[in-house]
Amino acid sequence: MDFTRVIDRRPTAATKWQKYAGTEILPFWVADMEFETAEPILDALQRRVAHGILGYTDVPASLTEATLAFLQNRYQWTVDPSWIVWLPGVVPGFNLACRCAGVPGDSVLLTTPVYYPFFAAPENGGRSRIEVPLVKDGQRWVMDFDALEQAVRPDTRLFMLCNPQNPTGRVYNREELLALGAFAERHDLLICSDEIHAELVLDPNTVHRPIASFGEALALRSITLMAPTKTFNIPGLPCAFAIIADPMLRRRFRQAQAGLVPSVGPLAYAAAEAAYRHGEPWRQAMLAQLRANHARLAEVMAALPRVSTTPVEATCLAWLDIRELGLQDPPAHFEAQGLGLSPGAPFGDANFLRFNFGCSPSLLESGLARFRNGVAAA
Ligand SMILES: Cc1ncc(COP(=O)(O)O)c(C=O)c1O
């Protein structure tokens with residue numbers, strides 16, 4: 001478990017590095033980390049490969065058992081095994097959720113900025129999209145319930161929640177989630193909650209609670225999406241799951257999935273099970289590194305003029321407000337300094353850039369130095 005080691009990912013066609021192949025630009029964009037995954041996961045993969053046959057594979061009962069135990073331990077959430085639908089990714093999960101909510105032509109409500117595939121999901125499923133901006137309350141991004149009340153329509157069937165929130169790093173607290181639950185109840189909305197970053201909580205005073213774990217009524221209107229892939233840095237082995245307590249909704253979800261969404265493969269199942277069974281020491285050590293990286297990033301940002309950011313409660317992603325730099329093309333400006341950040345526009349706000357700090361401290365220093373140069377050159 002050495003999170004300071006720099007590993008060259010370029011020979012693996014890693015998406016993050018491929019974007020800037022042949023240039024001197026260092027990538028701090030897409031949300032995977034530069035850390036080698038946990039040894040128990042690598043061991044499980046090696047054992048599974050050594051078997052030699054990698055055929056079609058059912059969900060191993062031992063994986064479901066490990067996942068339920070993980071949910072129980074971490075969230076004190078008792079999930080029935082029948083509620084789980086395994087998926088090759090969270091993105092297919094929220095696309096399927098849009099297809100099971102109401103009928104074509106109905107609308108889906110979401111808040112912005114948000115992980116950009118959220119924007120396409122309603123339309124992919126023949127629904128329309130209603131966007132409501134998050135607002136800043138001091139140092140926190142929060143949902144604007146007055147604006148949500150104004151925006152919701154009689155044909156709105158689904159609220160797409162991202163919690164922990166990508167890109168702002170917020171973890172909604174109990175009061176916020178209960179207020180959202182009451183809003184959903186008032187307007188009879190389903191909630192699709194993307195909680196892929198739930199196990200990446202950095203702030204020691206912040207607790208993540210799945211919205212569906214607040215009681216039966218909320219469970220019955222929720223599709224919760226989770227995965228081990230972000231946390232354990234194995235997103236190239238797609239494996240995720242939906243938790244759907246309502247049997248009718250689960251049936252609709254499975255019907256929407258049929259013939260379109262492939263099943264998960266044996267290596268991804270093996271990695272997921274090892275993550276949930278044996279990954280906790282690695283996760284804790286990795287979180288310690290992310291906390292240190294976040295503290296360093298926050299320190300550098302605080303000293304910079306014309307740039308502001310908010311504390312990251314969870315994720316390895318910082319949402320940087322660079323509007324005062326007055327740049328025409330913010331991503332290109334920083335690329336010219338050798339720094340590849342995620343542009344804010346696809347998330348819904350071009351005044352921001354997203355900085356992924358899930359890397360070794362030395363790489364982080366290079367990225368921060370280039371960021372400083374970019375600010376000075378603006
Ligand atoms: C909020 C959120 N949801 C989903 C995903 C991707 O999920 P998957 O790779 O399982 O489709 C990401 C990846 O960055 C994400 O940030």
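## Strand β15 and its sheet

Strand β14 and strand β15 (residues 352-356) pair in the antiparallel sense over two bridges, where strands are DSSP runs (E) of at least two residues, numbered from the N terminus, and two strands pair if DSSP finds at least two bridges between them. This is a predicted model, in which local features need pLDDT of at least 70 and side-chain atom pairs count only at pLDDT 80 or more, while totals for chains, interfaces and linings use all residues. Residues are numbered from 1 along each chain as its sequence is written.

Strand β15 also pairs with strand β12 (residues 317-321), again in the antiparallel sense, over five bridges. Four strands form an open antiparallel sheet in the order β11-β12-β15-β14, and its edge strands, β11 (308-309) and β14 (342-343), each pair on one side only.

| Residue | Partner in β15 |
|---|---|
| Pro-343 | Leu-353 (bridge partner) |

Strand β15 is mostly covered, with five of its five residues buried, a residue being buried if 20 or more other C-beta atoms, placed from the backbone, lie within 10 Å of its own. Phe-352, Arg-354 and Asn-356 are buried on one side of β15, and Leu-353 and Phe-355 are buried on the other, so that both faces are covered.

Turning to the ligand, 14 residues lie around it, of which Ala-31, Gly-89, Val-90, Val-91 and Tyr-115 come nearest; a residue is near a molecule if its C-beta atom, placed from the backbone, lies within 6 Å of it.

Note on methods. A residue is buried if 20 or more other C-beta atoms lie within 10 Å of its own, exposed if 12 or fewer, and partly exposed in between; C-beta atoms are placed from the backbone.
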